[in-house]
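Please have the structure open while I talk.

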Amino acid sequence: MSLLEIRNVSKRFGGLAASSDISFTIQKGEILGLIGPNGAGKTTLFNIVDGFYPPTKGQVLFKGQVISGLKPHQICKLGLARTFQVVKPLQRMSVLDNVIASAFLRAKNKAEAVEIAMETLRFTGLDEDQDVISRGLPLGKRKKLEIARALATGPELLLLDESFAGLNHSELNESIEIIKNIKARGITIMIIEHHMKVIMSISDRIVVINYGQKIAEGTPQEIRNNPLVVEAYLGE
Amino acid sequence: MKKYLPLIVLILLAVMPLAGLAGLLSSYILHMIILVIMWSVVGMAWNLLAGYCGQVSFGHAAFFGVGAYTAGILHSHLNLSPWWGIPASIVVVGLFSLLLGLIVLRLRGPFFALATLAMGEVMRISSENLDWLTGGNLGITLQRTWVDKTNYYYIILAIAVAAFLVVKYLMRSKIGYYFVAIREDQDAAESLGINTTLYKTIALCISGALTGVAGAFYTNYMGYIEPSVVFALHDISIVAIMTVMVGGVATFFGPFVGAIIMVLLAEVVRSIPYLGAAHLTFFGILLILIIIFLPNGIVGDFQKIKRIFGAGGAGK
Ligand SMILES: Nc1ncnc2c1ncn2[C@@H]1O[C@H](COP(=O)(O)OP(=O)(O)OP(=O)(O)O)[C@@H](O)[C@H]1O
Ligand SMILES: [Mg+2]
């Protein structure tokens, strides 16, 4: 059984088909890259998977259970967490409090929530910033905070929406390292990324969408050599 | 020192009526202090919902009034002591808040605020017209239990201390983290597994019930209630907001400081002759000044205030 199954999902915003009949699966333990030009419908797909938008048609199954129709907090509780492309830090809370708030989902008490949060901050390299009010964080660290917060909910599947965008070279390398460590912990990842070198190097498989449709799926090698993809995307 | 400040204040408050016995404290001053403490309770309640959980209400008079009428009606219809209104209002206003929440908590931001504003007015007009239940515009009059104010003082002080401890305890626990997370970003909170609807409802119910208790106390203390007083938009809903804004939104002591200032201001303004309804102008001006100069209120911007006065003191 696949960890996640997207089954013929379509989403319309008025006249705009943001997703059209998309189907693919994610297997436990893999990193799946989701790529496509700007406005292709990648974020929309995340919003459907994690319950922010109901699909117009189709279904999403997580661990064999239909989750379309559930609320985001219920889906999170089942073990599916996400980050936001436009970061949403809890602005007037410290970095640590941001992560404690999410760690409460699996913690029995506050001491345990703090412990999970501290461990997560160390894991993501934010431990030195734990007392910073998150409004004052530079972008690179906000992106990391998004990841830390999602991780602290104890997910089995993590959806990362452009976690690398706007990072400088050293931040980029750190984040790639973090993603690899997350995978090593047995957490499955679906990642949206425009940075081709990165996505090709970390993904086990890649799904390409364009104008709301899936145009290709395969290993990085197959995607690189797919004429449709080259035309729609890589050729630019 | 700072750690013991609340304790010292509490001890002072506890022994204060002894000064009254010694004739140092007039009944009028004790009355002012009782009002300050009562408004602190309303302020703490509003602060919990709006300051911490981010759901700004313009209709807390609805809760205050339902609490006040719970006490009044228990007396006028069931011949019970209106003091039963205090425990009863926790249940009645709690349930009322729950119902209200089902309607208004679907709305966000300004839409929520407008819906609560409407709710306050709906309750006022309903209570004016439900003569059989509320006595309509004639209101409800009851015999006060004591002539002396000391007992009322201790009762409202106990309520305030309980409210303070409840708020403090909640804000340290998971619920508090969830409230603030919802205030900061509802979508982010939802994605972190927080049932935002549930926790907003909890905030509304606790806030409503606390305000209702203050209302029930008011009935007992004043011995008379009428719709235009206990469901008042300006004198209850707006004053609740101002108490917290002036004192400091999302601070533990803001509601106390704000209550002192609001009660004093109302008294001063009332003593100016021929002012009538124009006293609201003063509230408006104060609010504008606060928003411009102390957006975090007196407690929230205390460091800033100290700096300004410190600089002045240095003769610059
Ligand atoms: N809530 C919405 N209402 C209306 N249209 C929307 C909404 N959300 C997204 N869209 C539209 O759907 C299309 C897909 O948007 P989406 O954000 O999913 O693209 P994306 O692939 O994530 O792009 P990018 O790489 O720029 O982040 C866009 O045309 C966008 O304008
Ligand atoms: Mg996007």
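When I say helix or strand, I mean DSSP runs, H or I over at least four residues for helices and E over at least two for strands, numbered from the N terminus. This is a predicted model, in which local features need a pLDDT of at least 70 and side-chain atom pairs count only at pLDDT 80 or more, whereas totals for chains, interfaces and linings use all residues. Residues are numbered from 1 along each chain as its sequence is written, while chains are lettered from A and ligands numbered from 1 in the order in which they are written.

Let me begin with chain A, which has 9 helices and 10 strands. Its C-alpha atoms fill a box of roughly 50 × 40 × 35 Å along the principal axes. The radius of gyration, taken over C-alpha atoms and compared with a globule rule of 2.2 Å times the number of residues to the power 0.38, is 17 Å for chain A, which agrees with the value near 18 Å that a compact globule of 236 residues would have. Of those 236 residues, 45% count as buried, meaning that 20 or more other C-beta atoms lie within 10 Å of the residue's own, with exposed at 12 or fewer, partly exposed in between, and C-beta atoms placed from the backbone.

On the exposed side, A:Gly15 lies in the loop between strand S1 (4-13) and S2 of chain A, and A:Gly15 counts as exposed because it has 5 C-beta neighbours inside 10 Å. A:Gly15 and A:Pro37 are 22 residues apart in sequence and 20 Å apart in space, C-alpha to C-alpha.

Which elements give two or more residues to the shell around ligand 1? The shell, counted by C-beta atoms, placed from the backbone, within 6 Å of the molecule, includes A:Phe13, A:Leu16, A:Lys42 and A:Gln85, and the elements in question are strand S2 (16-26) and helix H1 (42-49) of chain A. The largest share, 3 residues, comes from H1(A).

Turning to the interface, where contact means C-beta atoms, placed from the backbone, within 7 Å, 21 residues of chain A are in contact with 16 residues of chain B. On the chain A side, helix H2 (72-78) and helix H3 (95-103) each give two or more residues.

Chain B has 16 helices and 2 strands, and its radius of gyration of 20 Å is close to the 20 Å that the globule rule gives for 316 residues, so it is as compact as a globular protein of that length. Buried residues make up 47% of chain B, and 77% of its contacts between residues at least 6 apart in sequence join residues at least 24 apart.

Finally, on confidence, the model scores ipTM 0.94 and pTM 0.93. Chain B averages a pLDDT, the predictor's confidence in each residue from 0 to 100, of 91, although pLDDT stays under 50 over residues 312-316 of chain B.

Notes
Two residues are in contact if their C-beta atoms, placed from the backbone, lie within 7 Å.
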